[in-house]
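Subject: Structure for you to look at

Hello,

Here is the structure I promised. Please open it and keep it in view while you read on.

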Amino acid sequence: MKNKKVLIIGGNGFIGKNLAVWLAQRPDYEIFSFDLARPVEEVPGITYLEGDFFDDHVLKKNIKGMDMVIHSLSTVNPGNSNDKYMQGYGRDFLQTVNLCGMLIEQNTNMIFLSSGGTVYGVQEEQPILENALPVPINHYGSVKLCIESVIRTFNTQLHTKMRIARISNPFGPGQDYHKGVGFVDAAIKKMLNEETLEIWGDGENVRDYIYIEDVCKMLEALIDYDGNEEVFNLSSNEGISQNMVIDILRNLNGGLNVVYKDARSVDVKRIVLDNSKIRKIYHGKIRSFEEGLKEYYHFLIAD
């Protein structure tokens with residue numbers, strides 16, 4: 001049986017890079033990482049492809065012959081999307097629709113990495129199930145939801161099996177909070193550098209943080225999945241406030257300076273995602289938040 005060729009679009013990103021490294025351990029997979037430039041450090045066992053996702057000719061050339069495409073590229077983030085909304089809709093959304101058409105034409109499947117943190121918006125019932133009505137409060141979540149809608153329409157019309165992975169709040173090695181996301185990453189690094197951590201609001205915003213390796217394991221299970229479910233929450237099912245993150249870090253290290261600022265309109269107060277659906281196909285361990293935080297902390301101080 002031939003190896004499964006898996007292409008990760010956005011392979012230099014936080015999730016893409018970790019996923020490529022994790023999947024490269026599989027002897028029955030051939031892993032291809034596609035991004036605008038080759039990474040500074042290349043990992044053995046991964047084939048790196050260089051090119052512009054928004055160039056149709058380049059995109060078509062690089063997806064050719066693939067058995068599975070993981071789409072993890074985004075040019076906007078939750079913090080800047082309300083200013084750069086036309087970039088999100090005019091580039092990310094339209095080119096992803098274009099990608100779907102190309103993949104359907106060559107009979108290649110796809111997993112789209114959506115956002116569990118921003119797609120759902122404000123929800124009364126927690127943890128949030130996949131069938132909750134999404135009401136995103138920023139354009140990042142809205143762009144993701146638009147893409148999801150197109151995928152589901154293709155699945156309905158053409159009986160394709162493209163999947164949607166709504167990932168909660170991943171953290172761990174390779175993350176860079178300077179890119180606009182990553183509260184846990186910011187908190188640990190600012191503590192280690194003896195810098196002040198800024199929090200927008202009172203620190204009681206609750207998120208569903210999940211360690212990046214656990215996300216990769218769940219995505220691996222989705223690659224192998226052949227059922228009919230479309231949308232999966234990839235989460236820890238555990239609600240952790242920003243103040244709880246700070247308390248755990250202070251117990252680890254002893255010091256972290258924090259300043260509280262006015263709350264932002266783009267931030268939802270509480271998001272915890274129900275992970276019972278992905279648990280039916282992924283049967284491995286999911287780290288508790290405290291386990292993951294300690295693991296990442298020790299990784300950083302050893303680096």
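First, a term: two strands pair if DSSP finds at least two bridges between them. Keep in mind that this is a predicted model.

Now the strands. Strand 4 (residues 68-71) pairs with strand 5 in the parallel sense, over four bridges. Look for Val-69: Met-110 of strand 5 stands opposite. Together, strand 4, helix 3 and strand 5 form a right-handed β-α-β unit.

Strand 5 also has a partner in strand 6 (residues 163-167). That pairing is parallel too, with five bridges. Here Leu-113 stands opposite Ala-165 of strand 6.

Is strand 5 (residues 109-115) mostly covered or mostly open? It is mostly covered, with six of its seven residues buried.

Next, the interior. In soluble globular proteins, nonpolar side chains tend to be buried together. The largest nonpolar core here has 32 residues. Ile-70, Ile-111, Leu-219, Leu-222 and Leu-234 have the most contacts inside that core. Which helix gives the most to this core? Helix 7 (residues 212-224) does, with eight residues. There is also a second, separate core of 28 residues. Among its members are Leu-7, Ile-9, Ile-63 and Cys-100.

Finally, zoom in on Leu-219. Leaving aside residues up to four places away in sequence, Leu-219 touches Ile-15, Leu-19, Ile-111, Leu-113, Ala-165 and Leu-234.

Best wishes

Notes: Residues are numbered from 1 along each chain as its sequence is written. This is a predicted model: local features need pLDDT of at least 70, side-chain atom pairs count only at pLDDT 80 or more; totals for chains, interfaces and linings use all residues. Side-chain values use heavy atoms; hydrogens and water are left out. A nonpolar core is a set of buried Ala, Val, Leu, Ile, Met, Phe, Trp, Tyr and Cys residues joined through side-chain atoms within 4.5 Å. Buried means under 20% relative accessible area, exposed over 50%, partly exposed in between (1.4 Å probe, protein chains only). Helices (H or I, at least four residues) and strands (E, at least two) are DSSP runs, numbered from the N terminus. Contact means heavy atoms within 4.5 Å. A crossover is right-handed if, with the strands pointing away from the viewer, the path from the first strand over the helix to the second runs clockwise.
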